[in-house]
Amino acid sequence: MAELTHFYQTFQPTHYDVYLDIDRAAKTITGKTTITGSAQTSAIAIHQKDLAVAAVQADGQAVPFTIDAAAEAIRIELAKVGQTTLTIEYTAPLTDSMMGIYPSYYEVAGVKKQIIGTQFETTAARQAFPCVDEPEAKATFDLAIKFDERPGETILANMPENRVADGVHYFDTTVRMSTYLVAFAFGELQSKITTTKSGVKVGVFGTKAHQANELDFALDIAKRSIEFYEDFYQTPYPLPHSWQLALPDFSAGAMENWGLVTYREAYLLLDPDNTALDTKQRVATVIAHELAHQWFGDLVTMKWWDDLWLNESFANMMEYVATDALEPDWHIWESFQTSEAAAALQRDATDGVQSVHVQVEDPAEIDALFDSAIVYAKGARMLVMARALVGDDALRAGLKNYFAAHQFGNATGADLWAALGAAAQLDVGAIMNSWLEQPGYPVVTAAVVDGQLTLTQQQFFVGEGQEVGRQWQIPLNSNYAAAPAIFKDKTVTLGNYTELRAANGKPFRLNVGNESHFIVKYDQTLLADILANVTDLTAIDQLQLLQDLRLLAESGQISYATVVPLLPRFANSHSKVVNEALYQVAGNLKKFVVPDSAEEKSLKAFFDQLSAEQVARLGWVAQANESNDDQLTRPYVLNAALYAENKATITAAHELFTTNRDHLAALSAAVRVFVLTNEVKHFGSAELFTELLQAYRQSADASYKADICAALTSTPDAALIAQLIEKFEDATTIKPQDLRAWFRGVLANHDGQQAAWDWIRNEWGWLEATVGGDMEFTTYITVIAGIFRTPARLAEFKAFFEPKINTPGLTREITMDIKVIASRVDLIAQEQAAVNTAVAEVIK
Ligand SMILES: [Zn+2]
C-alpha cells in the first residue's frame, strides 16, 4: 500500500445508509451507499476494494473521483470542506473468498443450498460497500438489503428488522460502531431463541442440515455468558439481541460482529448426546470469547490495529473467567495452562517473534498480526498476570469505569492500564509495558552460588537467538517471602540457602500457579528437592515442571536424556493436565527416532510402559459417574498405547469398530477418532476408505468429520494418499476452511509426507488464490515448520520459501519458521544418541 495516511484524517463519517441488492444466481452485488460526515480537506479518500464505482455525488452534485486500486481507495475532489453527504453507486462481484459478502455451501438431503454471510474484519467491509474502513471511524448504520429471495428464507443483521417494502429488508439504525463489525446473513435457517434475565433476546441459528437439538448447548452457554458479563462488567448488554450464527464456510474460528456473531459450525453446534467433553469445553470458550467482545472490542474498540492485542488478549482471558463461572466443575483454568500458556511459551521462544503490541499500517500486515500464540495466548497470559496483580475487585471496578469513559468510542492499551491502575492504586502500565512492547520472555535461573540462593534473568530462546540485554519486570510468585514480588534486575541474591530452606520447610519454587510468563531453570540441588516432594505439588505446578523441563530441553539448556527418566513418576497421575503435559514431552521424543528403526521400537516400548496401568484402569468405555479428569485423560493414554502398537489395545479398537460397523458416527465421540484411525492404519482397504470419504461428505457433524479426516490421512497406502491429495482442490469434498487439517494430516504421515509436500509446492498459486486473502493463510507455513526435522527438508523448505520472503504478510512467518526447523535439526543432531540411550535404559 502506497498511501499510509489514515483516511479518517480526510473524512470523518457519522452515518451510513447502505443499500445492497444481492443476486446469488448472477453472483453480483449492486449497491448505493450514502455517507454523511465531515470533510477535513477537499481531497478526501474513501475505502473500496474491487468495487466498480459508477458515480459519486457530494451533496447531490456529481464530483470528480479516481479509483486508486493500490491504496484500496476512491479519491474524491470536493468543492468545500466541512459537513458533506456523499452518495456512491457501484457494483461488485460476489466471490467465494470467505471475506466480504460471500456464499457458504451445504446440502440438505442431496439438495445443494447456500447461505450468504459476511466477514469484514479486518479490512473487508470495503469489499461490500465504500466506507472509511478504520476502527476509529465509528458511525451509525442503516442497512437496507434486497436479494433474490425465495419463500422460507430468513435475513439477520446487527439490529432487528423493522419493515419490508418492495422486497427490501430495512433494519433499525445501529448504535455508533466500527465498520468491521457490520454483519448480515440470509438463507434457509433454523433457530432457537431465549431471553436473558435483563430482557436481551439470545438466539442460535444454523442451516437445516443439522438436528434441532444441536443448537441447545450453544443457546444455554450464550444466554448465561451474557448474564455473566452484564454482572461482571456492571454494564448492560448494549443491543436488543445477540444472535449466534453457524456458517458452513468460515475462515477464522468465530467473529464478534456486534449483535450477530458468526461461527464455524464446529464451534457452535454439537450433538448433546454424543460429544466429547473437551469439544464441549472448546465450544463454550469460543462463545464466551465472542460475547466478551460485545463489550470489549465492540462497545469500546481499539483506536487502531496496533492495539488489536487489546481486543483479543482480553477476550481470550475473559473466555476462561466466564466459563469458569458458568461451569466450575470443568476447572477450565487448567486447560488455559495446557493450551494458551504452552502455545505462548513455545512460539515466544523463537527469535524474531512479534511483540504483543506492534506498529502496523499495511492491510496485509494487519492480517498477519493475528499470530494466535502471541496476540491471543501470550496477551491473555499478560492480562492474567495483570489480574493477579490488581485482584478481581479492582479489575471489575476498573473495567466499569473504562466502559463508561469510552463506550461507543475508542481506546488504547494505555487507557486500560490507567483505568485498572486507578482502581488498584498500582502503576500497572509500567509493569505491563516490559511485557507488551518486548518480544520474548525470560528464563529465571535459580541456583545456589557460594551458599547463596541467587536468581538471574535472561531472554529464553529455542534455536538461534540474539541476546540484546532485554529485561522484564517479573511477578515472581515465589513460595519464599525472601524473593521480591517484582524482579526487575538482572540478578538478585535472596540469602543463605541452607537457612532459607530450613526456615521455609519446603522446596524453593518460583511462579507458583504458573500465572507469570517466564520459565524457571533450577540448579540440580533445587530441582532434586522439588522432585523429592513432587506429590505435594498441585496438578498445575506438576504440569509447569514438565513444561519448563521440555522447553529447557528444546533449547538445549538441559538434555532430554535427563528428562526421560523423570517421566514414569508422572505416568499414573489422575490429572488430565499432568497427563497432557507428560505426553507432550513424550511426543517430543518422537523426533529423535527414525521410522521402523530399533530406536523407534524402544520408544514405543517406553510409551507402552507409560500408558499400561492407565489403559487398564480406564479402558475404552466411560464408566458411569467417572470424573472429568478420567474422561479427559482416556484419550491421551489410549493414543499412547496405540502409538506403542500395544496388541490388546489394537484388538480392542478393532472390536469396537466391528461391533459398530453400521453406525460409526454413534461410536463414543471421546474415542471415535482412535477407533477409526486404528482401523484405517491396521485393517484398512480401498472400500473402507471410500466409505469414510463418503460419510465425510454427507455428515453435518463437525466433530465426526474431524475424526474421519484424522483417520483417512493416516493411511499407509500410497494409492489412497494420492486419491486424497486429488481431493484437496475439490471443494465439494474438502471445504477450503478445512483443508489445512487434511494437509497437515498427510504431511505428518511418514508415508504421505512427500506427496503432501510436493502438492503444496506445485499448487502454491492455487492455494494463494483460494485462501490467500484470509488471515489463516500463513498458518500453512507454520504447519510445515511444525513437522519437518531433517537437513534435507530444511534445505527444501528454504529453497521454496526464501524467494517468497518479501511477500507482504509472509516475511515474519518464513523467517521464524526457518529458525524453527533449523533448531530442531540441530537439536536432533546433538541429542539423538543420548536420548535414545536414555530411553533404552528406562524401559524394563
Ligand atoms: Zn476475538
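In this predicted model, a residue is called exposed when its relative accessible area is over 50% and buried when that area is under 20%.

Me: Which exposed residues does the face of helix 27 turned away from its buried side carry?
Reply: Helix 27 spans residues 791–801, and its buried residues are R793, L794, F797, F800 and F801. Because these residues cover an arc of only 135 degrees around the axis, they lie on the same side of helix 27. The face turned away from that buried side carries the exposed residues P791 and A799.

Me: Against which helices do the buried residues of helix 27 pack?
Reply: The buried set includes R793 and F797. The partners of these buried residues are helix 24 (753–762), helix 25 (764–771), helix 26 (779–787) and helix 28 (811–842).

Me: How is helix 16 oriented relative to helix 28?
Reply: The axes of helix 16 (residues 598–618) and helix 28 come within 9 Å and cross at roughly 50 degrees. The crossing is left-handed, and the angle makes helix 16 oblique to helix 28.

Me: How many nonpolar, polar and charged residues does the contact of helix 16 with helix 28 have?
Reply: On the side of helix 16, the residues in contact are E599, S602, L603, F606 and Q609, and they meet N836, V839 and V842 in helix 28. Sorted by class, this contact has 4 nonpolar, 3 polar and 1 charged residues.

Definitions and conventions: Residues numbered from 1 in each chain as written. Predicted model: local features only at pLDDT ≥ 70, side-chain atom pairs only at ≥ 80, totals over all residues. Heavy atoms only, no water. Buried < 20%, exposed > 50% of the residue type's maximum accessible area, 1.4 Å probe, protein only. Helix = DSSP H or I, 4+ residues; strand = E, 2+ residues; numbered from the N terminus. Arc of directions from axis to C-beta. Contact = heavy atoms within 4.5 Å. Axes fitted to C-alpha atoms, helices over the stretch in contact; angles between N-to-C directions. Parallel < 35°, antiparallel > 145°, perpendicular 65-115°, else oblique. Left-handed = near helix turned anticlockwise from the far one by under 90°. Nonpolar A, V, L, I, M, F, W, Y, C, P; charged D, E, K, R; others polar.
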